[in-house]
Amino acid sequence: MARTSVLIILVLQKCSHDWATGIEGYVLFRKDRNKGKGGGVALYINDEIECKEIRSDEMDMTESVWATIKLGKKTIRASPGIVLGVCYRPPGSNLDMDRALFNVFNKVNTNGNCVIMGDFNFPDIDWRTSASNNNRAQIFLDAIADGFLQQVVAEPTRGDAILDLVLVSNEDLIEEMVVGDNLGSSDHELIQFKLNGRINKNKSATRVFDFKRADFQKLRKLVREVDWTEEFMGLKVEEAWDYFKLKLQKLSEACIPRKGKKFIGRSCRPSWMSKHLREVIKKKQKAYREWKKGGISKESYLIEVRICRDKVRQAKSQVELDLAKGIKTNSKRFYSHINRKKTKKEEVGPLKTEDGVEVKDNLGMAQYLNKYFASVFNKTKEDLRDNGSMINGNEDMEVDITISEVEAKLKQLNGTKSGGPDNLHPRILKELAQEIASPLARIFNESVNSGVVPYDWRIANIVPIFKKGKKSDPSNYRPVSLTSVVCKVLEKILKEKVVKDIEVNGKWDKLQHGFTKGRSCQTNLISFFERVTDFLDKGNTVDLIYLDFSKAFDTVPHGELLVKLDKMGINRKIERWIGNWLKGRLQRVLLKGELSSWREVTSGVPQGSVLGPILFNLFITDLGTKSGNVLIKFADDTKLGGIANLEKDRDTLQEDLDDLVNWSNRNRMKFNSEKCKVMHLGINNKNFSYKLGTHQLEVTEEEKDLGVLVDHRMTMSCQCDMAVKKANVILGCIRRGISSRDKEVLVPLYKALVRPHLEYCVQFWSPMFKKDEFKLEQVQRRATRMIRGMENLSYERRLRELGLFSLTKRRLRGDMIALYKYIRGINTREGEELFKLSTNVDTRTNGYKLATRKFRLEIRRRFLTIRGVKFWNSLPREVVGAKDLSCFKIKLDKFMEEMV
């Protein structure tokens, strides 16, 4: 991939400079300051890079210099052009000067490839959340948000402030940014990074099914001709499974052709390019040659140009319309469409070993990653349980899995997902649901009742996904397991049976909100902070302790897990099957068609499996059950909170913390002490210190709690800023990747991809201040202005034309839906703790009137359990009395239809 690490940017403000000297091997573009001595900006570009200066009258009014470059040497095919700009905004800049500069931003940022650098002198902007209390800084933030630009410098460039910025229209344009050192006598830090040019075209040996050319009708006919009963006669589970797998693979290969895997690159054919469209383009090219030879008139050629242009636009619009229509069911297709336009693809490595040796080849990196992923496992402990004993009277009943159960689960498969190591693709299994349900039901029943788990169901291909940090560090990759899809179908059926047994035996963990029906991140946050805000409202100080397990899902010890399953009262045959399913597991890393060697999985619940999450929940059911404070869990994310007025309160919290440490030692689940933090809330908090074992917990003023940024003031302004920043990034992605501006395309994409970022768990963190409400609403304003024909309409008119509600109205609607779930729906158990029905009930109320409670603090008034009561009590009886949630939503929308 062609990159430029020889691009030099200089921003000179105070000293004079002899620009005529230049630098050998570089082209100089400059802009001198009109008044005063010295100053100005300069841009040096390696003379091997094709470049051209951009000039305009508006640019001349600003202290900036602009150029377009094409990365890649002139002798080879260059990448699409990138606009580079270097700017200086003096501290005393007035509003007119600022607006002139921001207008230039809009003019140059048209092709989606723009990098703007310079000293902008906005020291009070918090770039983590893109927020500031300074009005001029907020105007700047709005300008770059309107242009969908992202600021990527994260470290201070002068003192403690980030003054020197790098704004990009697409963060894929740059990588490997380093802030540090100085250039000459400057008191600003030097910023270095690489620009991405041409595409890395590393190829893969992987060939995949081409389902567009598949003959599923023929495949169904061939599968129906197989007499599975006769073929399975006398075969054991492993043999029956192998026969089924090989037979289905053979028939699939006969009916579905394969193709080379597509890669991101300029040579890839666009998704809108059809055979007919290629013929139209060839016809236009032929007309051009004829015109040049004098065979046809220019007007005839231009007619062909217009026809071709219109056909291309229609093809693009149709593809984008199809993407928008299917966005809710297949968002993967949208991101694939966007990724084709990227200048780079996330690559693995090169990796560095502990000895500093660099590993570059795909097979070597796969081997090294697998070695690292396996290093976190716990060793197996034998003889922790007696398989021959029966604990708590667990029933050893025969398990009966019906054909209809299997067929229903097969039809629910997502055909766009990847297959597992058995090479049976979910699309094929879904298409053949009716034909293969019977043989699979027979294999499933025999497997569960005999306890034999086929080899293919105990192996996994691991795909490494880069998280963040240095790509050379293997710890910065997340292992994603691809397991047998057929086994997942069986797991779904067994999960339902396990859940039923747990519910009957009353063994559910009341503190657990993760992977639990009716519970979510939002219910977790509301339940926990209802107690916390109530403590604060009553004048107490509160300490919160955030706990984080190290590699939690990978380190669950199998022996201890099976001992706990014995006590849960689930069917003994299912319990035995789970034990054998965990035993003898193997994994290997798959990287661009290269496979590492197998490594044994000695601990953990398989990530990517269906049973894994519920098994983890059952394993940590006894965590924190003796706590005297507020403790809650979402899978492995655990938080502890309590009053911290006096030393004895601190001691109580420390005792609970010690109990959690003892649990982790007994169960061989280590806490990641560096990520465990304490947050002090409330005025006059004494800031007590706490220890996790021998490690003193670090104090934090803000923490990301299940994706929501919670700060020690509980105002939620930081969360609002973070939500706006995320939503703007996705909106910018849509603007760059989708050429259509029709409402039929943009509205579904906005509703499915952008708005969820503004409403994730918003019933917990609903904005407290008008300024935060405005910031959230501004994203929707920006999105609706993108639509053709809506640019000059008022915001309220745009909403009516597009059938949208304001975000304020949607939050109120969401509050009522949440209250319905707590009072009459799926969360009534938690609702009994959060709300009380009013004792003052008369015939004029809706029948479910809630008691109002007093409050002292604004953070308490704005909490769901307080703010939602008034509007709930105003709802008519026919709305609140709806028989189910869907009916309630319909009646609620009708009641609220007059609101904007």
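Tutor: The largest cavity has a lining of 17 residues, and nearest its centre lie Ser481, Asp554, Gln587, Val601 and Pro606. A cavity here is a set of points, on a 1 Å grid over the protein atoms alone, where a 1.4 Å probe fits but cannot get out; lining residues have an atom within 4 Å of a point. The model is predicted, and local features need pLDDT of at least 70, side-chain atom pairs count only at pLDDT 80 or more, while totals for chains, interfaces and linings use all residues. Residues are numbered from 1 along each chain as its sequence is written, and side-chain values use heavy atoms, with hydrogens and water left out.

The space in the largest cavity is about 210 Å³, where a volume is the space filled by probe spheres set on the points, which are joined across faces, edges and corners. At least two lining residues come from each of strand 17 (459-466), strand 18 (477-482) and strand 20 (585-591). Strand 20 contributes the most, with three residues. Strands are DSSP runs (E, at least two residues), numbered from the N terminus.

By class, the lining of the largest cavity holds ten nonpolar, five polar and two charged residues. Ala, Val, Leu, Ile, Met, Phe, Trp, Tyr, Cys and Pro count as nonpolar, Asp, Glu, Lys and Arg as charged, and the others, Gly among them, as polar.

In the whole structure, the search finds five cavities of 30 Å³ or more. The second largest cavity holds about 90 Å³ of space, and its lining includes Thr533, Met714, Trp765 and Arg862.

Note on methods
1 Å grid on protein atoms, 1.4 Å probe; cavity = no way out; pocket = protein on both sides within 12 Å on 5 of 7 lines; lining within 4 Å. Helix = DSSP H or I, 4+ residues; strand = E, 2+ residues; numbered from the N terminus.
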